[in-house]
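Here's a quick briefing for anyone opening this structure for the first time. Have a look at it, then read on.

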Amino acid sequence: MAPASPILEINGGHQLLGKVKLTGSKNGTLAVLCACTLTQAQVTLIGAPYITDVINLVIVLQSIGVSAVWKSENVLQIQRPAILNLAGLDVRKASQTRAVILLAACFAYEKNDFSLPLPGGCRLGLRSIEPHVDALQQLGLQVKFEDGGLRVRRCGRSASTVTLMESGDTVTENALLAAIVTHQGPVRIENASCNYMVQDLCLFLQSLGATIGGVGTSSLTITSPTSSTMGTVSHSLLEDPIEAFFFVALAAVTKSTLQINRVPTGFISLELRCLVKMGLSIESSASYLAANDFHELYDLKVSAVNLALLALDGKVHPNVFPYGVNVDNLPALASVAATSHGTTRFHDWMYESRVSCFSLFKNFGVHVDITDAHRAQVTGCQKLRAGDCDLPSALRPASMILLIALAAPGVSRLQEFEVLYRGYDRLLPRLEQLGAKVSINTTA
Ligand SMILES: CC(=O)N[C@H]1[C@@H](OP(=O)(O)OP(=O)(O)OC[C@H]2O[C@@H](n3ccc(=O)[nH]c3=O)[C@H](O)[C@@H]2O)O[C@H](CO)[C@@H](O)[C@@H]1O
Ligand SMILES: C=C(OP(=O)(O)O)C(=O)O
């Protein structure tokens, strides 16, 4: 008989209390890790989250000869060898992460012709890599689909101005890295994403000697370092705004008070505004500088004790930063809507099928109407009941169900919960520290 798959049991409906410490973001760390292959310097990454996506990418880097060692909790030291062993690439691990597409630019630093597996990551409908193919083409790298993977070849000259087909986060990172690899002079990248992970990568590339203008805007100008950085480089990763919002939503759905420290609120200000309009109390400290000397951080005290949250009027929709709710925060916002009074409308135009996951709220007594592949209406429920559920394979919808299970009185049983480890460092002990009753049952 096959061994039983472990089940995450949540005894929900309990008020939580305590302080939350954030780690660096998954998405920023993945980009910076890939960029470590472009320097001979020994890099120390401070704040690196110990999560499956990062662990997998570390294994991928090790498979090509990079030394990657956890020096202490959340401190990762990276040193590439003189020559990368591209033939040794761990294809299975590489194909599990979206960020592996960044190696298309990085490996061109090494070789003129090579292959890569197709990137993985959350399955959220079709996630095209055409914008990457187009950007890399403009930068002198031809990418072709071949034998179920990607073949990358240097070809022709790199343009000095590149316009991205989409203002995507990873494609902007790929263009930055490719510009460093293929072009000595300044390259302007138009329609760039200015989201948190792109800014984090820019700061790291600056510490390697690149000159980058326009950080935090949609027009970036990058010039490669004039000489190869040797010695040591230390980079403090920016605290994860998506993880921060998960804990804000956690306070809201469990009617708790949580103190969340070192929050880069500039990246989630609209999400926080939505929750304040719904009735959540959020007190903020004065700002102070992040360890990267660039971003501002705040300590937030979030309280929903004895508060009845109301549904939002109008529709909630994601957009590229800074024009809307971060698409990765939409599911957490939906979980707050699921515990509020009234009906909230969501319109996720960015991902093909993510709102269909909202129907899993029904397992907990919440009324949900999925109008089409992009639209859903969530009617809040004040008498949530515990539910059983296979977590969706996409990270944020999975964390949204975890939030509801923590809010629903009784024991909820979540299967396929390991997906949560892709994005949240030491999640269960941290929840327990706040008073949540969570355990893994391996015998069921
Ligand atoms: C490793 C990493 O960093 N992953 C993040 C990154 O993925 P990544 O940058 O790979 O995001 P995608 O390229 O898949 O874009 C997400 C979706 O938005 C659509 N789109 C995006 C921009 C745009 O201007 N127009 C448009 O239509 C894409 O077609 C796609 O359907 O950004 C996503 C959107 O913030 C986040 O959910 C992911 O967590
Ligand atoms: C969609 C996500 O990740 P990825 O791009 O790595 O699939 C996410 O972090 O929610």
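Let's start with Cys274, which sits in helix H9 (residues 269–278); helices here are DSSP runs of H or I, at least four residues, numbered from the N terminus. Keep in mind that this is a predicted model, where local features need pLDDT of at least 70 and side-chain atom pairs count only at pLDDT 80 or more, while totals for chains, interfaces and linings use all residues. Residues are numbered from 1 along each chain as its sequence is written, and side-chain values use heavy atoms, leaving out hydrogens and water.

**Around Cys274**
- Cys274 counts as buried because its relative accessibility is 10%, and buried means under 20% relative accessible area with a 1.4 Å probe, protein chains only.
- Leaving aside residues up to four places away in sequence, Cys274 touches Leu312 and Leu333 (contact means heavy atoms within 4.5 Å).
- Val316 is 42 residues from Cys274 in sequence, yet their C-alphas are 8.9 Å apart.

**The two domains**
- The chain is assigned a domain 1 (7–22 + 239–441) and a domain 2 (26–236), with bounds from an automatic or database domain assignment.
- Their C-alpha centres lie 30 Å apart.

**Where the domains meet**
- On the domain 1 side 27 residues are in contact with 24 residues of domain 2.
- The rule finds 1 salt bridge across this interface (a side-chain nitrogen of Lys or Arg within 4 Å of a carboxyl oxygen of Asp or Glu).
- Arg422 forms a salt bridge with Asp53, with the closest N and O atoms 2.8 Å apart.
- Helix H8 (241–253) and helix H11 (395–407) each supply at least two residues of the domain 1 side that touches domain 2.

How values were computed:
Chains are lettered from A and ligands numbered from 1 in the order in which they are written. Buried means under 20% relative accessible area, exposed over 50%, partly exposed in between (1.4 Å probe, protein chains only).
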